[in-house]
Amino acid sequence: MKWLLIFAMLFGTLCAAEAAEESLGTKIKKVFEPSPTPTRKHRKKKATPTPSPTAERKQKKVSPTPSPTPKSKSKRKKASPTPTPTESPAATETPSPSPAEKPTPSPSERPASGKKGWPNASLSPEEIEDSNSYPPKVRQIIDAGLALTKQNLGYTYGSADPANGGMDCSGFIYYLLRQNGFPDVPRDSSQQYVWVRKGGNFKAVVSRKEDSFELDDLKPGDLLFWRGTYNIDRDPPITHSMIYLGREKRTNKRVMVGSSDGRTYDGKQRWGVSVFDFKLPPPPKSGDAKISPVFVGYGRIPGLSED
């Protein structure tokens, strides 16, 4: 019995030790097992940059908000090009026809515009000394020229027809002589000068004095020629022509008729077809004679009858 009791006691102690060992093992397992789980939880919590993606998503959502601003820019681009460029050419194109149409009416409005304020001057044949004694053909030409001064025609470069609202100097001579029986008259002043020179009735003038003997043979109906009224390269270098009328009764001054862009009558500048004072220009102020008017001379119209 004693041995059984001893054996039972030993067996109990062994079982108790094993149980203790098991409890310690389980405790150790419990100690070690919970420690990784919280680390996993902390990792999950650390991995909870889940809110950060939400922030990123929010930032992505916020980023599209500035996107409407480029849309507004695009709207501005659409708004700016469509109205302005489409209307601007229309605005630029509408005045374009007006200058093309203005050349014809402008001569009629000439007296009221800027430096062209002085109206064209005209005379009646009776206001010219001894006009009643002029040869019939000369009187016919002068009467027709004075009639053109009453049509308020402007100076229109390149025109030889009063229907254009104006004429240039040689265009006036060309139109007037052709209308009065001289079909072979050249168009420009340089060739009109050659035409007169070939006719053998040209008188050169070198003097600049009004009472020069070189003007003793000047007669009504003669063609007058200048060079240097504007800069142009031509041969001969004649740039201006007019028709001599005679002396005005009121002033006893020599007068002429034609078209000019600024010559004077009675001390005032006139633009267009008008009566003008015939004066010899002063000596050139500069060394460039091409831009200084010089009176070259005068001559009879070829084929003009003296009777």
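How are α9 and α10 oriented to each other? In this predicted model, in which residues are numbered from 1 along each chain as its sequence is written, local features require pLDDT of at least 70, side-chain atom pairs count only at pLDDT 80 or more, and totals for chains, interfaces and linings use all residues. Side-chain values rest on heavy atoms, with hydrogens and water left out.

The axes of helix α9 (residues 169-179) and helix α10 (residues 189-199) come within 9 Å and cross at roughly 55°. Helices (H or I, at least four residues) and strands (E, at least two) are DSSP runs, numbered from the N terminus. Axes are lines fitted to C-alpha atoms, for helices over the stretch in contact, and angles run from 0 to 180 degrees between N-to-C directions. The two helices, α9 and α10, are therefore oblique to each other; angles under 35 degrees count as roughly parallel, over 145 as roughly antiparallel, 65 to 115 as roughly perpendicular and the rest as oblique. In the contact (heavy atoms within 4.5 Å), Ser170, Ile173, Tyr174 and Leu177 of α9 meet Ser189, Gln192 and Trp195 of α10. These residues divide into four nonpolar, three polar and no charged, where Ala, Val, Leu, Ile, Met, Phe, Trp, Tyr, Cys and Pro count as nonpolar, Asp, Glu, Lys and Arg as charged, and the others, Gly among them, as polar.

Seven aromatic pairs are present in the structure. Rings of Phe, Tyr and Trp (its six-membered ring) pair if their centres lie within 6.5 Å; planes under 30 degrees apart count as stacked, over 60 as edge-to-face and the rest as tilted. The ring centres of tyrosine 193 and phenylalanine 225 are 5.6 Å apart and the planes stand at 75°, so this pair is edge-to-face. The pair links distant parts of the chain, with tyrosine 193 in helix α10 and phenylalanine 225 in strand β5 (residues 223-227), 32 residues apart.

Two backbone features lie in loops. The peptide bond from aspartate 235 to proline 236 is cis, with omega near 0°, and proline 236 is placed in the loop between β5 and β6. Asparagine 152, although not a glycine, has a positive phi of about 55°; this residue is in the loop between α8 (136-148) and β1 (154-155).

Aspartate 261 belongs to strand β7. Its C-alpha is 8.5 Å from that of glycine 154, at a sequence separation of 107 residues. Leaving aside residues up to four places away in sequence, aspartate 261 touches Tyr155, Arg270 and Trp271.
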